[in-house]
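Hi,

Here is the structure I promised to pass on.

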Amino acid sequence: MKNQIISLLVLICVPLLLHAEDGHNLWLRGKSTASVNVVCSKHSATIDIAEQELHQEWQGKANATVVLTIKPNKFIKGDGYMLSDDGVQANTDLGILYGVFALLRHQQTGNPIRDVIISNPSYERRILDHWDNLDGTIERGYAGRSIFWHDGKDSLAVTEKDKKLWQAYARANASIGINGAVLDNVNASPLILTTAYLNRVKAIAAVLRPYGIRTYLSVNFASPIVIGGLKTADPLNPEVQKWWKDKAREIYGLIPDFGGFLVKANSEGQPGPQNYGRTHADGANVMADALRPFGGIVMWRAFVYSANDKDRAKQAYSEFMPLDGKFRDNVIIQVKNGPIDFQPREPFSPLFGAMKQTSVMSELEITQEYLGQAIHLVFLAPMWKEFLKSDTYQEGKGSTVARCTDGTIFSQKYTAIAGVSNIGSDTNWCGHPFAQANWYAFGRLAWNDQLSSDQIADEWLKLTFMPTASEDKTKSTVLPIVWDIKFLKPVKQMMLESREAAVNYMMPLGLHCLFAPENHYGPGPWWAPKYVRKDWTAPYYHQADTAGIGFDRTENGSDAVSQYHEPLRSLFNDVNTCPEIYLLWFHHLPWTYKLKSGRTLWDALCYHYQEGLDQVREFQKTWDRVQPYVDSERFYVVQSKLRQQCENAQVWKDACLLYFQQFSRMPIPYDIERPV
Ligand code: GCU
């Protein structure tokens, strides 16, 4: 009871006391323990930041000298860097900054540099997509309001508070290598391209620039009509073409390093080229031509589906494959990791590797729209690794999604990766202390897609939780080895298991889209009102009836399997070879179908739901045990959120099993509840 009261007080008071701009330094908590001399022959805003970071965070030898050298080296690519014990070398100023952050990270995680390290980015553009609306709300945002936009009078005035916050944001991003930010929602307001808003973008860009972060904007395809006063937005209309060219010139006049546009067109009611009988390529190219003289790019989204198709999972591929090779070289098709929509688990979208003459980039969702939002503890690196490592077989074995998009297999003019941001102006930036790890993981993987989830979790936990001398004296007296065993190991294990746990208690065995409508948080496998489009209802996806459950995407069903390259097509098509994690994604099977474990499908489903719940119960125990090693603020916040997650997992299990049981007509196995 006492604990509950404390945790309630913490939950109520902390958000009132703390804001993102004061106090929450995310993983950047290091404080210098010694002085350092920095030698650099060049000065620029970016180099100055690098020097300042060294002075502020140095934890190496006292009075050491660090030499920053900007000199081309054939092993260093783009903004990559070379590290040694006493220096950083790079081709660019930004490379120096990244190198300095890496050097400090090595010190702070107790991982000294023994040899020379060269690190080059996997993707040239590493971008956060903010789904921030111009009134300050955030679509699928669970961490408060936008850090870029406000509503009300004077909403466009740039204050010192704004700038401080943007700077803290830029610093955090630069520390993990993120170099781009799309500042507004993909469901874009045409107003963003008016001069008043562009002036605010200019101010944001000025703060982000020294940290190497370019600004991008989501734009509305109908902008030439809505703010340009034209009668059409037809991309083949010369006036429309001129409008985009003039707009591009205006933007670059204000923001010379502007990155480009992100476009959601002919998707979920947004206008697009198809309104005029034109293709996605026509639409993307008109913008690409306008941006080209200034070096800008267009990220054109492949998130399209219509109400009429029999299988939503097939639509992006069907619509975009015929356009392969028809896009300008400064267009990148931005594809969500899975064919549907950021579900807890999906196979990779078949567009990866298939579009061979068009640049393609992945879109990941950092904000946990379908993974418990800012309440559930779900570490997403394992999900993204599973995706990036998926073999598409498009250019033979080993054609992983990562290699198909990072320039290894296809020579794309630009390589990029985007993550839908989970950042808001709330306490601790992301709503849940552990949601910060997902921001961190996205940046680290975008920089180096070979890093393991374990390495990322390890780094993040050390940077975020390891006691430092400048903090609470009692905590900092804990011996590092004790901290490793008592805190790091169990908490890391919890993080690494957390995504599989969520899949288990939400939608195991390839099930997807079982959510309650609109908010995508709790279960709603029954949700199917008559007035709603079929592909927005849950039974469209699980197809449960007394005969069985699952979406038949085999050759005898929707034939979505045929969009995958062999041997995947046959592998997915055959129920005996289809990986169990995707079973009900590709197959409709009887409740009595026997899995490899010997269990019936129904029993297996029950065990998975129970396992997910048990896993969260274990997470609670793990967390309770680490109390001596965490400050009370974060301890109680996480404890309370885990409690809610556990209740939710129970609801997911009960709701789904009771609903499906009306079809299976089979009992829940008596032994699924482990003795407590
Ligand atoms: C999901 C999400 C929407 C979003 C859309 C998109 O469907 O629920 O809020 O607009 O994806 O990615 O465009």
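Predicted model: local features only at pLDDT ≥ 70, side-chain atom pairs only at ≥ 80, totals over all residues.

On the domain 1 side, Tyr 98, Arg 105 and Thr 109 supply 44% of the area buried against domain 2, more than any other three residues. In terms of contacts, 16 residues of domain 1 touch 16 residues of domain 2. Three salt bridges are counted between domain 1 and domain 2.

Salt bridges come to 35 in the whole structure. Side chains of opposite charge can pair when their charged atoms come close.

- Glu 386 and Arg 499 meet at 2.9 Å, N to O. This pair links distant parts of the chain, with Glu 386 in helix α10 (residues 381–388) and Arg 499 in helix α15, 113 residues apart. Glu 386 is partly exposed at 24% relative accessible area, whereas Arg 499 is buried at 3%.
- Glu 160 pairs with Lys 163, their closest N and O atoms being 3.5 Å apart. Because they are three residues apart in helix α4 (residues 160–176), about one helical turn separates them. Glu 160 is exposed at 59% relative accessibility, and Lys 163 is partly exposed at 34%.
- Asp 614 and Arg 617 also form a salt bridge, with the closest N and O atoms 3.5 Å apart. Both lie in helix α19 (residues 601–625), again about one turn of the helix apart. Here Asp 614 is buried at 7%, while Arg 617 is partly exposed at 26%.
- Asp 289, Arg 292, Arg 328, Asp 329 and Lys 413 are linked in a salt-bridge network.

Now for the two residues. Is Leu 584 buried or exposed? Its relative accessible area is 1%, so Leu 584 counts as buried. Leu 584 sits in helix α18 (residues 583–586), and its contacts beyond four places in sequence include Leu 509, His 512, Phe 551 and Leu 601. Ile 485, in helix α15 (residues 480–506), is exposed at 54% relative accessibility. Together with Leu 479, Ile 481 and Val 482, Ile 485 forms a nonpolar surface patch with about 380 Å² of accessible area.

Notes:
Residues numbered from 1 in each chain as written. Heavy atoms only, no water. Patch = residues over 30% accessible without salt bridge, like charges linked within 9 Å, V, L, I, M, F, W, Y side chains within 5 Å. Areas by Shrake-Rupley, 256 points an atom, 1.4 Å probe, with all protein chains shown as cover. Salt bridge = Lys/Arg side-chain N within 4 Å of Asp/Glu carboxyl O. Helix = DSSP H or I, 4+ residues; strand = E, 2+ residues; numbered from the N terminus. Buried < 20%, exposed > 50% of the residue type's maximum accessible area, 1.4 Å probe, protein only. Contact = heavy atoms within 4.5 Å. Buried area = accessible area lost by both parts, 1.4 Å probe.
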